[in-house]
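I opened this notebook to record what I looked up in the structure shown here. The entries follow the order in which I consulted it.

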Amino acid sequence: MALEHKVRGVDHAAFPTFDPAGTVRFYRDVLGFPVVHSICAAGWGPENHPDFIHFFFDIGNDDRIAFFYYFGLEPQHTHERGDAYAGFGPEVPEFFVRSRHLAIHVDDEADLLEYRRRLDESTWPVEMQIQHETIESIYTHDPNGYMVEFTRAMRPVTPQEDLDANLTIDALLDVVAEPDPSFGKLLARKAELIVERAADWEAAQV
Amino acid sequence: MTALYVLDVPENTTVAKVAAEAGATVGKVGPYFEITSDGSIVIDRRATGCRHAVWYSCIAGVAGGRIVQHDKNALQVDPA
């Protein structure tokens, strides 16, 4: 029995910044995201917490991206690669550094290209525009080094893709429970799950 | 027998079509194409017209065989 799904999206995702001026320029002035909330807080507590400003931008759907600016705090790492939160040495592969990012949804190609236009006219032009499997995305890095993606669906998600996603996850849990998980083992386990379940799933779709 | 499973979504239909043209048998199991052969299954990427992101994520499952090639030119699954 599935648990009732009661959550309502992202209230806010929060990140530290050492460049509040650039951050406001990027999100409010270049992208046009309204400032919707901010907190001016004096530092308190046992950890010598600095005074800080916690400020929020609307990213659509009443969801928000938020930043912490701490007065007097120096950057917490000296790596050239990475972002305000985390730095990476040359030994860390680029795909890993780029794996953590925020993707913001837009309705269609026209809206995607509108944000591309806004970014391309700014200090933070689009670095990549890519058609993935069923979505198209543009990417840039904000003034803090955080990777930001805008993405649109090229078609609606079909019901069979939800089945496929669930079979993938069940197969993944099976193969990571055993030694030496691999892509080949996942595809073999998933083939078994397809044979077991896919016909019944389709019969139930009426 | 080797079986290759591919989800039936618009991006993947040419994968099954090209496999059939290359001699494999194409059936269905629920919403999946079941591409089977007693020998190797070979699919030419350019013939499918799939862009890379689609091509490299089109395989849902492999039974009774193993992938020996999956690059920009072709996908080949040989009997185990």
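**Entry 1: the model.** I noted at the outset that this is a predicted model.

**Entry 2: helix H4 of chain A.** I looked up H4, which runs over residues 159-176 of chain A and has 18 residues. From its first C-alpha to its last I found a reach of 26 Å, close to the 26 Å expected at 1.5 Å a residue.

**Entry 3: its buried residues.** I then listed the residues of H4(A) that are buried: A:Gln160, A:Glu161, A:Leu163, A:Asp164, A:Leu167, A:Ala171 and A:Val175. They lie on the same side of H4(A), because they cover an arc of only 150° around the axis. I recalled that an α-helix has 3.6 residues a turn, so residues three or four places apart point the same way. I recorded that the buried residues of H4(A) pack against helix H5 (183-203) of chain A, and also against strands E1 (2-7) and E3 (32-37) of chain B.

**Entry 4: the interface.** I found 22 residues of chain A in contact with 20 residues of chain B. The two chains, A and B, bury about 1,600 Å² between them, with 62% of it on carbon and sulfur atoms. A:Glu133, A:Leu187 and A:Ile194 supply 32% of the area that chain A buries against chain B, more than any other three residues.

**Entry 5: polar links.** Between chain A and chain B I counted one salt bridge. In a salt bridge, the side chains of A:Arg155 and B:Glu11 meet at 2.7 Å, N to O. I also counted seven residue pairs in polar contact between chain A and chain B, both residues at pLDDT 80 or more. H4 and H5 of chain A each supply at least two residues of the side of chain A that touches chain B. H5(A) gives the most to that side, with ten residues.

Methods
Residues numbered from 1 in each chain as written. Chains lettered and ligands numbered in written order. Predicted model: local features only at pLDDT ≥ 70, side-chain atom pairs only at ≥ 80, totals over all residues. Heavy atoms only, no water. Helix = DSSP H or I, 4+ residues; strand = E, 2+ residues; numbered from the N terminus. Expected span 1.5 Å × (residues − 1). Buried < 20%, exposed > 50% of the residue type's maximum accessible area, 1.4 Å probe, protein only. Arc of directions from axis to C-beta. Contact = heavy atoms within 4.5 Å. Buried area = accessible area lost by both parts, 1.4 Å probe. Salt bridge = Lys/Arg side-chain N within 4 Å of Asp/Glu carboxyl O. Polar contact = N/O pair within 3.5 Å; in protein donor to acceptor, adjacent residues only side chain to side chain.
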